[in-house]
Amino acid sequence: MRIYITRAIPADLTALQALAEVNIWPQRLPPSQQVLQAEVENIDGLLCLLTDPIDAALLEAAPRLKVISQMAVGYDNIDVAAATARRIPVGHTPGVLTDATADFTWALLMAAARQVVTGDRFTRSGQWQTWEPALLLGPDVAGATLGIVGLGRIGQAVAKRAQGFGMRIFYHSRQPVEAATEAALNAEWVPLEHLLQRSDFVTLHVPLTAETHHLISSAQLAQMQPTAILINTARGPIVDAAALYEALKTEQIAGAALDVTEPEPIPLESPLLTLDNLIITPHIGSASRQTRETMAEIAIANLIAGLKDEPLPHCVNPMVYQR
Ligand code: DGY
């Protein structure tokens, strides 16, 4: 059997190499679609990252492919419907990155609220000349109201951390979660509009789907308070970047912190990069050493299961197993 891995990953490949010939794209940047198309021609298994578009045309080019394993929890880069039509199971890595991503969401929230990045720039540029009563003021986090859009694993982990800050928590999701979960997290389901109007901090934790694409656009930003801060560690296209630029530029909202952008990487000429009330990081929400190692291990375990015709431990399209 033959395997293609689209980037070097932090995992022990011995078990995989005992099963198959393993080829790894050696460069830091992703393989082009042309390279990928040629590489998948004779492979049985593919291990990919969220930067690799796995579309119907690519699947067409891979007649032998029997498993796709993505080293990420999100899989919006993969045409799952096309894979399912070919009965190819698609694996992903849920659960293991929940804490790392929730921690990072809090890092961004705190940094945006308390001007950590601006303060660092201020210091390095030689502007720190004395202690000033009104220097780099930000809102209080303790006791503030947090609005969580999407109360899945990561949203819940963010809410758990908010308990320590004595925050009031609103959340919005298609359906309210179980009453016991709401009670444990002290979180109240509200319509999105209500959440946007009443939250000091709004944080996004929904997957990217047709329904959540530009979920936060001009109308939603207009509903937020002028003191509010928006955090996105989910997927870039959930926020309409042009609308966000206008809202930040005109101080319709106070600030934002994005770990994800549309497109990724954000082009250096993006007007967003001219704003001082915005923090942008390069999609590193899950980037703790241990988390990335565990993600890689799970991705390998999914791949091996697929090669052996066993059910994937974490499969996004289990319907492929229905007879
Ligand atoms: C994911 O897993 O989907 C994150 O965006 C990267 O860890």
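**Entry 1: the ligand**

Which residues surround the ligand? I began with this question, and I note at once that the model is predicted. I found that the shell consists of Leu 50, Ala 72, Val 73, Gly 74, Leu 97, Arg 235, His 283, Ser 286 and Met 295. I then sorted this shell by class and recorded five nonpolar, three polar and one charged residues.

At Val 73, a polar backbone atom is 2.7 Å from an oxygen atom of the ligand. At Arg 235, an N or O atom in the side chain is 2.6 Å from an oxygen atom of the ligand. At Ser 286, a polar side-chain atom lies 2.6 Å from a ligand oxygen.

I turned to the sheets, with one general point in mind. Strands of a sheet pair through backbone hydrogen bonds, in either a parallel or an antiparallel manner.

In what order do the seven strands of the open sheet lie? I read the order as E8-E7-E6-E9-E10-E11-E12, and the pairing is parallel. At the edges I found strand E8 (187–189) and strand E12 (278–280), each of which pairs on one side only. From one strand to the next, the twist averages 15°.

I examined one pair in detail. Strand E7, residues 168–172, pairs with E8 in the parallel sense over three bridges. Within this region, Tyr 171 stands opposite Trp 189 in E8.

Helix H5, residues 98–113, lies across strand E6 (145–149), strand E9 (201–204), strand E10 (229–232), strand E11 (255–258) and E12. I recorded that H5 runs at about 155° to E10.

**Entry 2: the sheet of five strands**

I looked up another open sheet, whose five strands follow the order E2-E1-E3-E4-E5 with parallel pairing. Which strands form its edges? They are strand E2 (21–24) and strand E5 (90–91), and each pairs on one side only.

Here I examined the pair at E5. Strand E4, residues 67–70, runs parallel to E5 and is joined to it by two bridges. Ile 68 stands opposite Val 90 in E5. I also traced helix H12, residues 289–307, across strand E1 (2–5), strand E3 (45–48), E4 and E5. The helix runs at about 175° to E4. Met 295, one of the residues around the ligand, falls within the residue range of H12.

**Entry 3: backbone details**

Where is Pro 263 found? I located Pro 263 in the loop between E11 and E12. A cis peptide bond joins Glu 262 to Pro 263, with omega about -5°. Pro 265 is likewise found in the loop between E11 and E12. The peptide bond from Glu 264 to Pro 265 is cis, and its omega is near -10°.

Asn 186 is one of them, with a phi of about 55°. I placed Asn 186 in the loop between helix H8 (179–185) and E8. His 214 also has a positive phi, near 55°, and is a residue other than glycine. I found His 214 in the loop between E9 and helix H10 (218–223).

Technical notes:
Residues are numbered from 1 along each chain as its sequence is written. This is a predicted model: local features need pLDDT of at least 70, side-chain atom pairs count only at pLDDT 80 or more; totals for chains, interfaces and linings use all residues. Side-chain values use heavy atoms; hydrogens and water are left out. A residue is near a molecule or strand if one of its heavy atoms lies within 4 Å of it. A polar contact is a pair of N or O atoms within 3.5 Å; within protein, one must be able to donate a hydrogen and the other to accept it, and residues adjacent in sequence count only if both atoms are side-chain atoms. Ala, Val, Leu, Ile, Met, Phe, Trp, Tyr, Cys and Pro count as nonpolar, Asp, Glu, Lys and Arg as charged, and the others, Gly among them, as polar. Two strands pair if DSSP finds at least two bridges between them. Helices (H or I, at least four residues) and strands (E, at least two) are DSSP runs, numbered from the N terminus. Axes are lines fitted to C-alpha atoms, for helices over the stretch in contact, and angles run from 0 to 180 degrees between N-to-C directions. Contact means heavy atoms within 4.5 Å.
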